[in-house]
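Please look over the sequence and the structure shown below before reading on.

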Amino acid sequence: MRQILIVAAALLLFGAYAARYADQAVSPNAPAQATPAQAVDEPRQPVHSGRSLMLDADRQGHFRTEGRIDGRPIDFMIDTGASLVALRASDAARAGIWPRPNDYTATVSTANGKIKAARAKLDRVELGGITVYDVPALVLPDEALEVNLLGVAFLSRLKRYEYAGGRLVLEQ
């Protein structure tokens, strides 16, 4: 019985040593083989499976993706610092939203100062297999916004959103 315990302890120590050696051999600091897309520092295509979506950051560290508003394609940048979805007026028009001049009553603080925006409600916003209904949004003049922002009004309706290792995971 004593011999069995000694052999078991030796195997356990050997296994722990082998696991530690394997972790060091496959170090995260070791250069990995780059795919052609990674070689030019391009983000890979979004990966979606069912009701989840995984996005790679672009060169500036932003997460950009194509979504749909009421079935119409719209490009977005995901912005956890934006409270609402913010749309450029031209993209809002492509999605069927046309605020009148007197609808621009909300004051918004941007990096370029304060600007007037029009409140809107988006019936359906889709990213990959994720769909969120009745999303509050703002429409801003094109010159106030470089890209449409997908803010916390959308993100907070998900089961989770998580940033790790240069990727953003959205899950509904």
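## Salt bridges

How many salt bridges does the count come to? In this predicted model, the count comes to nine salt bridges. One of the salt bridges is formed by the side chains of Arg 88 and Asp 142, with a distance of 3.7 Å from N to O. This pair links distant parts of the chain, since Arg 88 belongs to strand E5 (residues 85–88) while Asp 142 sits in the loop between strand E8 (130–140) and strand E9 (148–150), 54 residues apart. Asp 142 is partly exposed, its relative accessible area being 25%. Another salt bridge joins Asp 103 to Arg 100, whose closest N and O atoms are 3.3 Å apart; here Asp 103 is partly exposed at 25% relative accessible area, whereas Arg 100 is exposed at 52%.

A further salt bridge brings together the side chains of Lys 159 and Glu 171, at 3.5 Å from N to O. Lys 159 lies in the loop between helix H4 (152–155) and strand E10 (160–164), and Glu 171 lies in strand E11 (residues 167–171), so that this pair, twelve residues apart, also links distant parts of the chain. Lys 159 is exposed, with a relative accessible area of 65%. Through salt bridges that share partners, Lys 159, Arg 160, Glu 162 and Glu 171 are joined into one network.

In soluble globular proteins, nonpolar side chains tend to be buried together. The largest nonpolar core of this model has 29 residues, and the members that touch the most others are Ile 78, Val 85, Leu 122, Phe 154 and Leu 170. Two or more residues of this core come from each of strand E2 (52–56), strand E3 (63–69), strand E4 (72–78), E5, strand E7 (113–127), E8, H4 and E11.

Which residues does Leu 122 touch, not counting those up to four places away in sequence? With that exclusion, Leu 122 touches Ile 69, Val 85, Leu 87, Ile 97, Tyr 133, Asp 134, Val 135 and Ala 137. Another core, of twelve residues, lies apart from the largest one, and Ala 82, Val 108, Leu 138 and Leu 140 are among its members.

In E7, Val 125 is the bridge partner of Ile 69.

## The aromatic pair

The structure holds one aromatic pair, which is formed by Phe 63 and Tyr 163 in an edge-to-face arrangement, with 5.8 Å from centre to centre and 70° between the planes. Because Phe 63 lies in strand E3 and Tyr 163 in strand E10, the pair ties together parts that are 100 residues apart in sequence. Are the two partners buried or exposed? Phe 63 is buried, with a relative accessible area of 8%, whereas Tyr 163 counts as exposed at 55% relative accessibility.

## Two loop residues

Asp 58 is found in the loop between E2 and E3, where Asp 58 counts as buried at 15% relative accessibility. The side chain of Asp 58 reaches the backbone nitrogen of Gln 60 at a distance of 3.0 Å.

Ser 156, for its part, is found in the loop between H4 and E10, and with a relative accessibility of 49% Ser 156 counts as partly exposed. Although Ser 156 and Ser 83 are 73 residues apart along the chain, their C-alpha atoms are separated by 9.7 Å.

Terms used:
Residues are numbered from 1 along each chain as its sequence is written. This is a predicted model: local features need pLDDT of at least 70, side-chain atom pairs count only at pLDDT 80 or more; totals for chains, interfaces and linings use all residues. Side-chain values use heavy atoms; hydrogens and water are left out. A salt bridge is a side-chain nitrogen of Lys or Arg within 4 Å of a carboxyl oxygen of Asp or Glu. Helices (H or I, at least four residues) and strands (E, at least two) are DSSP runs, numbered from the N terminus. Buried means under 20% relative accessible area, exposed over 50%, partly exposed in between (1.4 Å probe, protein chains only). A nonpolar core is a set of buried Ala, Val, Leu, Ile, Met, Phe, Trp, Tyr and Cys residues joined through side-chain atoms within 4.5 Å. Contact means heavy atoms within 4.5 Å. Rings of Phe, Tyr and Trp (its six-membered ring) pair if their centres lie within 6.5 Å; planes under 30 degrees apart count as stacked, over 60 as edge-to-face and the rest as tilted. A polar contact is a pair of N or O atoms within 3.5 Å; within protein, one must be able to donate a hydrogen and the other to accept it, and residues adjacent in sequence count only if both atoms are side-chain atoms. Two strands pair if DSSP finds at least two bridges between them.
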